[in-house]
Each structure stands twice: as C-alpha cells, then as structure tokens.
Amino acid sequence: MGNCKYCGQPAGFLRRQHKECAAKHDQGWRKMIDLAQQAAQGQGDINSLHSRISSIAAYSFVPAEQVNQAIITGWEQAAAHFIEDGNLSLEEEHQLTQFAAHFNLSQNELDQRGIYTQFVKGAVLREVMEGKIPERVKTDGQLPFNFQKSESLIWVFDGVDYYEDKTRRQYVGGSSGVSIRVAKGVYFRTGGFKGHPVETTERVHMGTGIMAVTNKHIYFTSPQKTFRVRLDKIVSFMPFSDGVGIQRDAATAKPQFFITGDGWFTYNLLMNVGNVE
Ligand SMILES: [Zn+2]
C-alpha cells in the first residue's frame with residue numbers, strides 16, 4: 001500500500017494519491033496563481049498577497065516553498081495578458097515593475113520562460129510608437145557597426161540567421177496570400193505571428209550574426225556578410241512567426257530575411273522605428 005503524496009495517508013493498492021487530494025492541490029495552486037496575477041494587474045491588495053496565498057498553500061497540500069513560484073507565475077501571466085491585449089501601457093509597465101520590486105523578484109526569476117524579455121520588448125515598442133528612443137539596450141563591449149551621428153540605436157538581436165531568396169520575385173505575403181500592411185502606430189498582435197515560420201525552400205542561408213536596428217537603418221554583420229539597409233528604402237515588411245522579410249525599393253533587390261526568433265517584436269519594431277527622430 002502506498003501513501004498519498006499529498007496527505008500522507010494510505011492511498012490504496014498501487015496508488016500514490018487520493019483523487020480528492022490531487023483535486024484540492026490543483027485547485028489551490030490555481031487559486032494562488034490567480035490571486036497573484038490579479039494583484040500583479042493592480043486588482044487586489046499587494047501587501048496581504050503573500051499571507052493570503054500562503055494560507056491557501058497550507059490547506060491545499062502545496063509546499064510553502066512554492067509560494068514564491070506562484071507569485072512569479074502570477075507576474076508572468078499578468079505580463080503576458082498585458083502584452084497580448086494590444087500593448088503594454090506605461091501604467092501597466094509600472095504596475096508590473098512595482099509588483100516585482102515588492103516581492104524582490106529578480107530578472108532571472110521573471111525570465112525563466114522568457115516573459116521578462118517580452119515585457120521589455122513590449123515597453124520598447126510602446127516607446128518607439130510614441131516616437132521616443134528607448135534606452136533599454138545594454139551591450140557588452142563595442143558593437144561592430146559604424147553608426148551615423150544622427151541615428152540612435154534601438155535594439156540589437158544576436159544569433160540572427162540571414163537569408164536571401166535565390167530569385168527575385170513578386171512577394172505575396174504570409175501563407176494567407178495577402179500582403180499584410182499595418183498602419184504606423186498600430187501594434188500587430190502576437191496571435192498573428194503564430195505558425196508561419198519563414199520557409200526556406202527557395203532561400204539561401206547567407207550567415208548568422210548580429211542585427212542592430214536604429215531609427216535609420218538595419219545593420220547586419222556575420223563572418224560571411226556585412227551590410228546595412230536604409231529603412232526608408234524598404235517598401236514592404238513581411239511578418240513571420242520567427243522573423244521578418246524585407247523588400248527594398250530597387251529593381252534588382254531580392255527579398256531578404258532576418259530570423260531573430262521573434263517575428264512579433266521584430267516586425268512591430270521595424271514597422272514603427274522609422275518614426276523615432
Ligand atoms: Zn490524500
């Protein structure tokens with residue numbers, strides 16, 4: 001006879017848990033995360049949150065050590081909710097920052113699943129759309145680019161795969177066959193980027209390297225290839241789940257593709273970064 005991993009009482013032949021205990025645990029855990037998410041979204045008292053979810057843990061067979069994880073998960077869900085619903089407002093950003101500070105949550109803890117990075121990206125997009133220069137990029141050492149005096153670095157992507165199409169052809173965007181154009185200042189939602197990775201059948205991998213975005217150019221450098229593209233020479237941007245394609249305004253220009261791993265952010269950034277003075 002095994003004992004129930006929740007209540008410690010005999011659970012029956014070859015059983016490790018009582019159904020009722022497992023249900024109680026799962027329900028309690030969900031409730032803990034819900035409360036944390038609400039508080040992170042500014043609904044519910046932040047000061048009593050820890051004691052409220054600790055008491056739920058105590059009667060739901062949730063170990064006390066997991067209270068902190070529930071608070072982190074609540075923050076993540078709140079951040080994902082704010083980003084998913086259209087844009088991360090300044091107020092929402094402050095709310096999340098305050099919550100994280102209150103519970104001493106580190107960036108590493110909040111980035112276990114990459115949500116902190118998305119949070120920062122959301123803030124960068126908002127600032128870019130407001131025409132501001134986000135000062136959120138810190139690089140170790142010098143970037144291998146010769147920026148012009150009149151331009152401002154907005155973002156740097158590392159480990160970017162760069163592709164070019166073998167042949168020049170009229171681009172018909174996305175798998176829907178419709179070329180997507182988003183008005184400037186409009187935030188293209190994350191849902192639109194799911195499931196359409198850049199297909200590589202006709203594309204040639206030209207290098208893996210660093211891509212920097214300023215308010216004037218895209219810069220790319222890899223051992224094989226280094227170049228920059230003026231943003232105002234790009235006539236269309238193509239959104240993919242894992243990156244973007246661009247088409248330059250030149251008779252000989254072939255479509256170029258940058259696989260950053262995050263099409264949502266890259267596309268929204270490039271669509272709007274030209275607004276920043
Ligand atoms: Zn039990």
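**Close-up 1. Helix α6, tucked inside the predicted model.** In this predicted model, twelve of the 15 residues of α6 are buried, so the helix is largely enclosed by the rest of the structure. Here "buried" means under 20% relative accessible area. Look for Ile115, Tyr116, Phe119 and Val120, which are among those buried residues.

**Close-up 2. Checking the length of α6, and what follows.** Helix α6 covers residues 115-129, and at 1.5 Å a residue its 15 residues should span 21 Å. The end C-alpha atoms of α6 are 21 Å apart, so the model agrees with that expectation.

**Close-up 3. Four residues holding a zinc ion.** Which atoms coordinate the zinc ion? They are the SG atoms of Cys4, Cys7 and Cys21, plus ND1 of His18, at 2.1 to 2.3 Å. The angles between these four donor atoms run from 100 to 117°, which makes the arrangement tetrahedral. Along the sequence, the donor residues follow the spacing C-x2-C-x10-H-x2-C. Cysteine 7 sits in the loop between β1 (2-3) and β2 (10-12), while histidine 18 sits in the loop between β2 and α1 (19-40), so this pair ties together parts that are eleven residues apart in sequence. Buried or partly exposed: which is cysteine 7? With 27% relative accessibility, cysteine 7 counts as partly exposed. Histidine 18, at 19%, counts as buried.

**Close-up 4. Lysine 225 in its loop.** You'll find lysine 225 between β5 (217-221) and β6 (226-230), in the loop that joins them. Its relative accessible area is 27%, so lysine 225 is partly exposed. Setting aside neighbours within four places in sequence, lysine 225 is in contact with Tyr162, Glu164, Met206 and Phe220. Glycine 209 is 16 residues away along the chain, yet the C-alpha atoms of glycine 209 and lysine 225 are separated by 8.8 Å.

**Close-up 5. A stretch to read with care.** Across the protein, pLDDT averages 86, and 87% of the residues score at least 70. Over residues 170-185, though, the pLDDT is below 50. This stretch has 24 contacts in the model beyond near neighbours in sequence.

Conventions:
Residues are numbered from 1 along each chain as its sequence is written. This is a predicted model: local features need pLDDT of at least 70, side-chain atom pairs count only at pLDDT 80 or more; totals for chains, interfaces and linings use all residues. Side-chain values use heavy atoms; hydrogens and water are left out. Donors are N, O and S atoms within 2.8 Å of the metal (3.2 Å for Na, K and Ca); water is not among the atoms, so sites may look incomplete. Four donors count as tetrahedral if all angles lie between 85 and 135 degrees; four count as square planar and six as octahedral if opposite donors are over 155 degrees apart and all others between 65 and 115; anything else is irregular. Helices (H or I, at least four residues) and strands (E, at least two) are DSSP runs, numbered from the N terminus. Buried means under 20% relative accessible area, exposed over 50%, partly exposed in between (1.4 Å probe, protein chains only). The expected span of a helix is 1.5 Å times one less than its number of residues. pLDDT is the predictor's confidence in each residue, from 0 to 100. Contact means heavy atoms within 4.5 Å.
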